[in-house]
Amino acid sequence: MKLLKFTLYIFLPVLLLNSCRDYVEVEPVGNNRVLKYTSDYRGLANSYNDITSSGGIYLLANADVEFPTTYQNGVTTIWGNSYTWQERIYDPSQSDADWNGLYKAIYYSNVILDGVMSSQDGLESEKKEIYAEAFVHRAFAYLQLVNTYGPQFDPASDNAEKAVPLLLKPELFSSLDRSTVGQVYDQIISDLKSALANDIQDTPEFNVLPSKRAVYALLARTYLYMGSYQLSLDNAEKALAMQNGLIDLKTFASGYSYPVLIQNPEVIFSKTLLTSYNRAPLSNDLLNSFSSNDLRYDYYTIAGNIGIYPTYTGRGFGIATYSFTNGINVGVSVPEMYLIAAECYARLGQTQKAVDNLNILRAKRYKAATAYEVSATTPKEALDLALTERQKEFIGRGFRWFDQRRLNLDPAFRKTYTRVFKTVTYTLEPNSDGYVFPINQNYIDLNPELGK
């Protein structure tokens with residue numbers, strides 16, 4: 001991690017030359033350059049490729065993915081190890097792009113939080129806006145990290161298990177002792193509340209920028225993962241009160257009509273998986289669960305023999321325009337808020353409200369003049385419907401992995417998964433170590449405290 005942070009410090013001048021004021025206005029200090037003007041910090045905050053990367057290795061491990069036999073020989077070691085829930089994912093010569101990208105976003109956020117309020121030639125309102133945004137980026141990165149490299153949050157425990165380091169200052173050398181699951185979640189919630197306390201903007205120009213509704217939506221996701229269903233519902237409804245538009249799939253001529261991410265009215269806050277995870281083959285169980293009238297099958301999946309290598313028989317996630325131009329969105333969205341509301345209402349015993357939220361979404365996902373409504377007579381039936389709908393709506397985004405982790409805490413939903421990869425059978429038991437991705441051994445060798 002010390003090596004990573006040093007690398008980030010080298011990257012910073014390069015970014016500034018491309019995204020800030022003129023070169024002459026960035027003052028040199030030794031072999032480095034420092035941020036001086038408020039516009040410099042805005043340039044750093046707007047560095048989309050660097051600050052929005054959100055990992056995605058977990059996509060390969062979740063139950064939505066299934067590698068056909070002929071496909072297995074063509075995948076990398078990293079893909080094979082992730083797919084089979086191995087104790088070690090990377091070879092000694094490899095780095096963990098997920099870890100690196102998320103901590104890079106955290107480092108940039110820390111740089112902004114540490115310096116933007118004292119920057120020059122900017123209005124106080126501009127500084128505060130950038131300052132508030134950085135809290136949201138950092139919170140999102142830590143939510144991804146703790147749910148990838150840490151045990152599942154358990155509302156019935158003290159959550160004292162070790163997770164990931166909490167780095168809150170842009171320091172080159174600092175303790176890399178891992179914080180507990182509870183401490184990381186506390187920081188996520190604190191950061192999101194700090195964004196609200198600093199009057200984060202309501203309506204940014206682009207959905208890649210954090211906003212108040214993004215904060216509410218991220219709080220809804222965070223509290224859902226924590227099993228705090230009333231708080232999750234409250235924040236989902238606050239987000240929906242500010243943004244609730246849905247795309248009607250039956251209005252599109254083809255999959256190529258789907259809007260690119262930055263123009264997508266469903267996206268509340270854009271974050272993307274690494275592009276290398278695009279087109280992972282989807283499981284037959286998932287594909288077979290779509291009815292013939294559900295347009296998501298045609299619009300959210302694409303044949304596995306079109307434009308990729310290795311090709312395969314079957315289908316993968318692939319919104320035609322969306323994926324090719326700007327990645328797979330794993331940021332918060334309007335559909336997610338409806339589905340969080342539906343699940344939380346079901347868990348809180350309000351069956352009809354749960355079903356109502358499901359049908360609002362489903363009305364935009366089915367062919368014209370076909371039945372789309374579902375019904376339930378008990379909260380358990382409504383909950384089952386909500387969880388099934390999450391699988392279909394979030395197909396190919398990897399959210400199933402996070403759902404598997406949290407549902408393992410409930411005997412009614414926990415399940416054992418098996419996979420055959422290159423003739424060997426692998427098993428993932430509920431709450432096993434396979435649900436926690438290992439920190440790259442290379443990083444532990446350089447920083448032994450990461451392994452403690």
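**A buried valine, linked charges and an enclosed space**

Val 184 counts as buried (under 20% relative accessible area, with exposed meaning over 50% and partly exposed the range in between, for a 1.4 Å probe and protein chains only), its relative accessibility being 0%. This is a predicted model, in which local features need pLDDT of at least 70 and side-chain atom pairs count only at pLDDT 80 or more, while totals for chains, interfaces and linings use all residues. Residues are numbered from 1 along each chain as its sequence is written, and side-chain values use heavy atoms, with hydrogens and water left out.

Val 184 sits in helix H8; helices here are DSSP runs of H or I with at least four residues, strands are E runs of at least two, and both are numbered from the N terminus. Setting aside neighbours within four places in sequence, Val 184 is in contact (heavy atoms within 4.5 Å) with Tyr 142, Val 146, Ala 163, Val 164, Leu 166 and Ser 179. Phe 317 is another matter: 133 residues separate it from Val 184 in sequence, and the two C-alpha atoms are 31 Å apart in space.

Turning to charged pairs, the model holds 21 salt bridges, each being a side-chain nitrogen of Lys or Arg within 4 Å of a carboxyl oxygen of Asp or Glu. Side chains of opposite charge can pair when their charged atoms come close. Lys 212 belongs to helix H9 (residues 212-226), and Asp 202 to the loop between helix H8 (181-197) and H9, ten residues away. Both ends are partly exposed: Lys 212 has a relative accessible area of 25%, and Asp 202 one of 37%.

Things look rather different further along the chain. Glu 266 and Arg 365 meet in a salt bridge with an N to O distance of 2.8 Å. Glu 266 is in the loop between helix H10 (229-242) and helix H11 (284-288), and Arg 365 in the loop between helix H15 (351-362) and helix H16 (379-393), so this pair ties together parts that lie 99 residues apart in sequence. Glu 266 and Arg 365 are both buried. Arg 296 pairs with Glu 393, at 3.0 Å between the closest N and O atoms. That bridge links helix H12 (residues 296-300), which holds Arg 296, to helix H16, which holds Glu 393, across 97 residues. Arg 296 is buried at 0% relative accessible area, and Glu 393 is buried at 3%. Through shared partners, salt bridges join Glu 266, Asp 294, Arg 296, Arg 362, Arg 365, Glu 389 and Glu 393 into one network.

Rolling a probe the size of a water molecule over the atoms shows where empty space is left. The model holds five cavities of 30 Å³ or more, a cavity being a set of points, on a 1 Å grid over the protein atoms alone, where a 1.4 Å probe fits but cannot get out. The largest cavity contains about 110 Å³ of space, with grid points joined across faces, edges and corners and the volume taken as the space filled by probe spheres set on the points. Its lining (residues with an atom within 4 Å of a point) comprises 14 residues, and Glu 266, Asn 329, Ser 333, Pro 335 and Arg 397 lie nearest the centre.

Conventions: On a 1 Å grid over the protein atoms alone, a cavity is a set of points where a 1.4 Å probe fits but cannot get out, and a pocket is an open set with protein on both sides within 12 Å along at least five of seven lines; lining residues have an atom within 4 Å of a point.
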